[in-house]
Amino acid sequence: MKTDQQLNVCEEQVYKRVFNETSKTIFNYIYYKFGNEEKANDAVQEAFVKLWENCAKVAPEKAKSYLYTVANNLYLNVIKAERVRLKYADATLKTTNESPEFIMEENQFKEKLDNALNSLPENQRTTFLLNRIDGKKYAEIAEMEGVSVKAIEKRMHLALKSLREQIDGI
């Protein structure tokens, strides 16, 4: 039996394990960071395609970090491209299949929390959502973000303080 160090991401069971262990968390990380579910899904899928294409170059123990970096970079490229398109595009009406009542209720429900969360700096919002929604420990978030646990503790403290101030009267 091979150990993880001897295994290669190109081997199906290793790739599958990496996918099962990390895909949901990477999706949530990108979604929380940028706020678009469909595009977060696309970035995660593309990141896994790139992992497969480069499987011989990525050690199993480095796959998670590789995927976070690739997904984040892919999403940043999408944002850059959208800014260019929006600069030259005409404003078009959004259409939806949802009833107006549903949309209104949904918007009212989300508005208070969204306003509070959106007012947070991106790093605080990401830290807060990864911890409170995904249940990630500070050490895991620190690894994802490439910062110290102390930095994550500070971000969380500031996020909670800000949210308490904004949501107090709600």
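Is Ser119 buried, partly exposed or exposed? Ser119 is partly exposed, with a relative accessible area of 41%; here buried stands for under 20% relative accessible area, exposed for over 50%, and partly exposed for what falls in between (1.4 Å probe, protein chains only). The residue sits in the loop between helix 4 and helix 5. Its C-alpha atom is 9.7 Å in space from that of Ala159, and the two are 40 residues apart in sequence.

The model examined here is predicted, so local features need pLDDT of at least 70 and side-chain atom pairs count only at pLDDT 80 or more, while totals for chains, interfaces and linings use all residues. Residues are numbered from 1 along each chain as its sequence is written, and side-chain values use heavy atoms, with hydrogens and water left out.

The overall architecture comes first. The chain contains 7 helices and 0 strands, and its pattern along the sequence reads α-α-α-α-α-α-α. Helices (H or I, at least four residues) and strands (E, at least two) are DSSP runs, numbered from the N terminus. Of the 170 residues of the chain, 33% count as buried. The accessible surface comes to about 11700 Å², and carbon and sulfur atoms hold 52% of that area; such areas come from the Shrake-Rupley method with a 1.4 Å probe, and for residues only the protein chains shown count as cover. Taking contacts (heavy atoms within 4.5 Å) between residues at least 6 apart in sequence, 65% join residues at least 24 apart.

In soluble globular proteins, nonpolar side chains tend to be buried together. Leaving aside residues up to four places away in sequence, Ile30 touches Gly35, Ala40, Ala43, Ala71, Asn72 and Tyr75.

The buried residues of helix 5 are Gln124, Arg125, Thr126, Thr127, Phe128, Leu129, Leu130 and Asn131. Thr126, found in helix 5 (residues 122-132), has a relative accessible area of 0% and is therefore buried. Its side chain reaches the backbone oxygen of Glu122 at 2.9 Å. Beyond residues up to four places away in sequence, Thr126 touches Tyr29, Tyr32, Lys33 and Glu145.

Two other residues of helix 1 may be set side by side. Asn28 lies in helix 1 and counts as buried at 6% relative accessibility. The side chain of Asn28 makes a polar contact with the side chain of Asp134 (2.7 Å); a polar contact is a pair of N or O atoms within 3.5 Å, where within protein one must be able to donate a hydrogen and the other to accept it, and residues adjacent in sequence count only if both atoms are side-chain atoms. Phe19, also in helix 1, is partly exposed, with a relative accessible area of 37%.

Finally, the structure holds 1 disulfide, defined as a pair of cysteine sulfur atoms within 2.5 Å. The bond joins Cys10 to Cys55, with an S to S distance of 1.8 Å. Cys10 lies in the segment before helix 1 (12-34) and Cys55 in the loop between helix 2 (37-53) and helix 3 (63-88), so the pair ties together parts that are 45 residues apart in sequence. The torsion about the S-S bond is about 95°, so the disulfide is right-handed. Cys10 is partly exposed at 29% relative accessible area, whereas Cys55 is buried at 8%.
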